Amino acid sequence: MYTFNLNGKVVNVEEDKKLLEYLREDARLTSVKDGCSEGACGTCTILVDGKAMRACIFTISKVQGKSIITSEGLTEREKEVYTWAFAEAGAVQCGFCIPGMVISAKALLDNNLNPTRADVKNAIRGNICRCTGYVKIEDAILKAAAVFRGELEPKKVEFKGLVGENVHRVDAEAKTLGTGKYVDDMQVPGMIYGSALRTKYPRALVKNIDIAEAEKIPGVVAVLTAKDIPGNRYIGHIVKDWPALIAVGEETRYVGDSVALVAAETKEALKRALEAIAVDYEEREPLSTPEMALAEGAPKIHEKGNLLFEQVLKRGNADEAIKNSKYVVSHKYSVPFTEHAFMEPETCIGMPDGNGVILYTAGQNVFDEQHEVMELLGLTADKVRVISKYVGGGFGGKEDMSVQHHAALIAYVTKRPVKVSLSRKESIMIHPKRHAMEMEFTTACDENGILTAMKAVLISDTGAYASLGGPVLQRACTHAAGPYNYHNIDILGRAVYTNNPPGGAFRGFGVTQSAFAIECNINELAKLVGISQWEIRYRNAVEPGQVLPNGQIADAGTALKETLEAVKKDFESSPYAGIACAMKNAGIGVGLPDIGRSRLTIINRKVHVRCGAACIGQGMGTINAQMVCETTGISYDKIVVEAPDTAITPNSGTTTASRQTVFSGEATKQAALKLKEALKNSTLEELEGQDFYGEYSGITDPMGSDKPNPVSHVAYGYATQVVILDEKGVLQKVVAAHDVGKAINPINVEGQIEGGVVMGLGYGLTEDYPLINSVPTAKLGTLGLFRANQVPEIKPIIIEKNTEALAYGAKGVGEITCIPTAPAIQGAYYRLDGNFRTKLPLEDTFYKKKK
Ligand code: FES
Ligand code: FES
């Protein structure tokens, strides 16, 4: 028997077990999150005798006689202050890290009510936040300190909810205090646990799977193999090439492949059963690089061969223009796979529902999940309902199926509710990554630095399965020339299957990679011409009415030059400043169907926003609420935002391509216009139960359109970032000016910028996802994620020029925020030491030594 004090009450626990498991599953204190169970993330932070500690590294016996406080145990005053401070500062995005941050803040403020920003950074250095870039979290903690000192008082603000107003997010309180539910916080009566046995080798023939011993283990409910799948075993976002379970006689394609599924009453029985499955493999040499996969006679990873997708883009005559140009630079660039490292590992709960299933998920579109599960189980849409809980970050990494299809299959076969979760190790190994690419870029300009032409070859390692490898490569190519006014381009892109973990969507969607190459080339051209990195960009920056390298005419809202002007002073303030520009599409575009849908329902004199758009941290619910308020004049407190649910909310497409503010925002605006019309003759009370539906369909031209100036995307965001180093190469400041069209919620936009910049700093300087013979070796703690105390000052600058009515002028900001950062760092180091680096993460820097 162990005795300790938990949130002010004495508790006795019979059995020694992991403290985190006890707190979450027995005491049901789910503000304490399990982000890694490895002591690396800080989402499980609790106070033990007044000190911030990680619950996952304790057992019950280690806290004998001690006093523990979790967010649930804060005083009412503390709850009020932290909730207000985090909401006011705009510090909450996906929210998964926030309760742990609050506890680290309490540990600091209980001892020091006058902390400096450095003290705050130090206090939260053990808490990783992948969304916010830490700045607003630090602001929130400093605000809370000011309240506790008596200098500030949380004010109850009556928000109007207008566009441009920094309203507190609709989910701020639930996420700050940890009362909001993520899937893993749910427990369902009669729930069992499910997990997949992964292949031992990235490439091996599966000759036999023996489940007999596993089935005999007490507590095992089912052991399923490929033959238990009633529908199509192969699923996938666009290309159906990804088997939910590998069949006997099939070759595995990467270490994340599943060969069997186990469902058991307890986690212990589950673990034993997974170990008891005997698989007979014939190990084969993995194809670990695109070069190996494209070699003459290479074994085929998929029946149709190892080339997933090829993109050729030509405009003008690049060869001729390069020949006639004064300056030409050519470099080979190499960028690695990157792990999303969202703080919430994947979890899904599957429940039987008559002849179908209900799933509780945390992905990037409930309808994508529904369609994949329908395919797998051979069911119609009415038999598969998917409901989203809070999503603890995604960044593109939760677009593919990871656990949803397995939970659905187990629930369907066993008729039991089941929870399927990935451990952090599995999460890192399994879900698709940002593509590694090898790129050769040649760029030319005249004697004045005016760009004349570019040629590029991009080879992307798309890993074992297609995922979004085709569209990612396409965006890498369509954006490869940068946001500049020149028209001779010749681009070849190839996405190649290998036995590495799949490449897929990741914030930037291919543009992060190609922007690094083009922007670095431009830095060298500037040096050859004898003008600054800023000047060469300003001379070439696309302006309204000019034609982008892809042929689209830049619209009147284009404000790239304004972003350059906004950073000029900072760029010129330091000899070690680097700069880069970027453009990024909002919306899927290129002639594909792209529709936002939203429905407003009046319930109890409140407007319920029912929109299928996933909030993966970016704040979509709040944006939708502001769209309603701005359009109708209804106040913010009368808006209720519902969670995506295939049975209730209309399909508003995937949270991808920086599209939701534009597409779902506009759809909500359209619905709100109808509500506004109805309100001319009725009160909200009189409209009880009525529905108002809105839709927006973005019309664009397909790739290869024969129009001289095709519209590839409904909108582009533009940006310029400056990175300033000191003479030792240490980051001093990042200035990030973003043309966002119109900021619906400016503090939220700043949070997107800061978070994206820090992700970009990681991409440029520290993050890697090494593979040895196609097997990933990184853990969460070794991925190279930036921590609060490493982050320099970040100055976000919002440029608003767009006057289009579409979504009140918003253009989407999610992805572009992390695109210019890495090449801006490269430019800064180039100025610092003259070393022109071509590989990410940059080598021989303060942050990474030369290998
Ligand atoms: S869950 Fe404890 S540190 Fe990550
Ligand atoms: S808000 Fe910190 S991890 Fe998402």
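Student: At what angle do the axes of helix α3 and helix α5 cross?

Tutor: In this predicted model, helix α3 (residues 98-109) and helix α5 (residues 135-148) cross at roughly 45°, and their axes come within 11 Å. Axes are lines fitted to C-alpha atoms over the stretch in contact, with angles from 0 to 180 degrees between N-to-C directions. Helices (DSSP H or I, at least four residues) and strands (E, at least two) are numbered from the N terminus.

Student: How are α3 and α5 placed to each other, then?

Tutor: α3 and α5 are therefore oblique to each other, given that under 35 degrees is roughly parallel, over 145 roughly antiparallel, 65 to 115 roughly perpendicular and the rest oblique.

Student: Which residues make the contact?

Tutor: On the α3 side they are Ile98, Met101, Ala105, Leu108 and Leu109, and α5 brings Ile137, Ile141, Ala144, Ala145 and Phe148; contact means heavy atoms within 4.5 Å. By class, this contact of α3 with α5 has ten nonpolar residues, with no polar and no charged ones. Nonpolar covers Ala, Val, Leu, Ile, Met, Phe, Trp, Tyr, Cys and Pro, charged covers Asp, Glu, Lys and Arg, and the others, Gly among them, are polar.

Student: And α20 with α21: how far apart are their axes?

Tutor: The axes of α20 and helix α21 (residues 821-833) lie 7 Å apart, and the two pack at an angle of about 55°. α20 and α21 are therefore oblique to each other.

Student: Where do α20 and α21 meet?

Tutor: α20 uses Gly756, Val757, Gly760, Leu761, Tyr763, Gly764 and Leu765, which meet Thr821, Ala822, Ile825 and Tyr829 in α21. The contact of α20 with α21 has seven nonpolar, four polar and no charged residues.

Student: What is the volume of the largest cavity?

Tutor: The largest cavity has about 550 Å³. Its lining has 33 residues, and Gln618, Ser658, Gln752, Val813 and Gly814 are the closest to its centre. That lining comprises 13 nonpolar, 14 polar and six charged residues.

Student: Which element gives the largest share of that lining, the one of the largest cavity?

Tutor: α20 does, with three residues. Both α19 (660-679) and α20 (746-766) supply at least two residues each.

Student: What about the second largest cavity: how much space lies in it?

Tutor: About 150 Å³. Of its 18 lining residues, Trp242, Pro243, Met401, Ser402 and His405 are the closest to the centre. β10 (242-243) and α12 (404-414) each contribute at least two residues to this lining, which divides into seven nonpolar, seven polar and four charged.

Student: Which element gives the most to the lining of the second largest pocket?

Tutor: α14 does, with five residues. The second largest pocket holds about 800 Å³, and Ile238, Ile588, Leu592, Pro593 and Thr654 are the closest to its centre among 37 lining residues. That lining has 14 nonpolar, 14 polar and nine charged residues.

Student: Last topic, the backbone. Is the peptide bond from leucine 840 to proline 841 cis or trans?

Tutor: It is cis, with omega near -10°, and proline 841 is in the segment after α21. Serine 774, in the loop between β29 (771-772) and β30 (775-776), has a positive phi of about 75° although it is not a glycine. Most residues other than glycine have a negative phi, and most peptide bonds are trans.

Student: And the conventions?

Tutor: Residues are numbered from 1 along each chain as written, and chains are lettered from A and ligands numbered from 1 in written order. Local features need pLDDT of at least 70 and side-chain atom pairs 80 or more, while totals for chains, interfaces and linings use all residues; side-chain values use heavy atoms, without hydrogens and water.

Terms used:
On a 1 Å grid over the protein atoms alone, a cavity is a set of points where a 1.4 Å probe fits but cannot get out, and a pocket is an open set with protein on both sides within 12 Å along at least five of seven lines; lining residues have an atom within 4 Å of a point. Grid points are joined across faces, edges and corners, and a volume is the space filled by probe spheres set on the points.
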